[in-house]
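Let's walk through this model together, starting with its strands and ending with its pockets. Keep the viewer open as you read.

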Amino acid sequence: NPEADFSGERPILMGYHPHGILSFGGVISFGTDATGWPEKFPKLTPRLCTLNIQFKLPFLRDILLSCGMIPASATSIRRSLKPGNAVVIVVGGAAEALDTKPGEYVLTLARRTGFFRLALERGADLVPCFGFGENDIFDTDAPKGERFQWFQDKLKSMLSFTFPVFYGRGVFTYNWGILPYRRPLTVVIGDPIRTEKVETPSKEQIEEIGAKYIQALRDLYDEWQPRLEPDGARPLVVI
């Protein structure tokens, strides 16, 4: 919305949904200039949050820093939430990645109270963002069995991330590989939701701003899903 207030005078906290397999929409939109961020938001610097463990790896850390990314830790986010910055969090995390399935949008959001608490503590405006097609660029498979479930839970507890079994296209073949399919992926950014700074927000205040955010995200989805995915309605599930 060109009339929305993205003047950079207030800190911005954006939530990107859904997580998908590797959050390609978030990385391309907020970690590069490929979609024209400097022209659309000239007074805001995007700070995309990613796993802390990635900043412990040589070379990869330097690539991430050169893209303006920051660790997804409360300390880093608080330091970056200042006027002129737009901190972007892929809110659903590993739990949401496991629900990735083409043609479906299942968001892990209602219980992410820390996201809303940070916005209130820093007085940052909340902005919902949605990547239409994020879950469609890979096919996923969910092997059944306690051992596989145990492995995924173990990986999540040790490395703070996990993802389902997935596959896409190859370099020379289109039926199997590790590259994403050539399918549309469109990121839509909603209007800022004004918040007032509260040093110690109560449970009721967190729930209130959370409800406003979820409703704004649903409104954004209902407005754009029929335009960008005219092949059929897809229900938005928020858990």
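Which residue in β3 is the bridge partner of Cys49? The partner is Ile70. Before going on, a word on the ground rules: this is a predicted model, where local features need pLDDT of at least 70 and side-chain atom pairs count only at pLDDT 80 or more, while totals for chains, interfaces and linings use all residues. Residues are numbered from 1 along each chain as its sequence is written, and side-chain values use heavy atoms, with hydrogens and water left out.

Back to the strands. Helices (H or I, at least four residues) and strands (E, at least two) are DSSP runs, numbered from the N terminus, and two strands pair if DSSP finds at least two bridges between them. β2 and β3 (residues 70-71) run parallel, joined by two bridges. To get from β2 to β3 the chain passes through helix α3 (residues 60-66), in a right-handed β-α-β crossover (with the strands pointing away from the viewer, the path from the first strand over the helix to the second runs clockwise). β2 is also joined to β4 by four bridges, again in parallel, and here Pro46 has Ala86 of β4 as its bridge partner.

Now turn to α6. Its buried residues (under 20% relative accessible area, with a 1.4 Å probe and protein chains only) are Phe115, Phe116, Leu118, Ala119, Leu120 and Glu121. The cover over these residues includes β1 (12-17), α4, β4, β6 (125-132) and α8; contact here means heavy atoms within 4.5 Å. Just after α6, Gly123 takes a positive phi of about 65°.

Finally, the pockets. On a 1 Å grid over the protein atoms alone, a pocket is an open set of points where a 1.4 Å probe fits, with protein on both sides within 12 Å along at least five of seven lines; lining residues have an atom within 4 Å of a point. The largest pocket holds about 1000 Å³ of space, the volume being that filled by probe spheres set on the points. It is lined by 37 residues, and His19, Thr50, Leu51, Val90 and Gly93 are the closest to its centre. α5 gives the largest share of this lining, four residues.

The second largest pocket has a volume of about 590 Å³. Among its 25 lining residues, Asn1, Phe41, Val188, Ile189 and Gly190 are the closest to the centre. Here α8 provides the largest share, six residues.

Conventions. Buried < 20%, exposed > 50% of the residue type's maximum accessible area, 1.4 Å probe, protein only.
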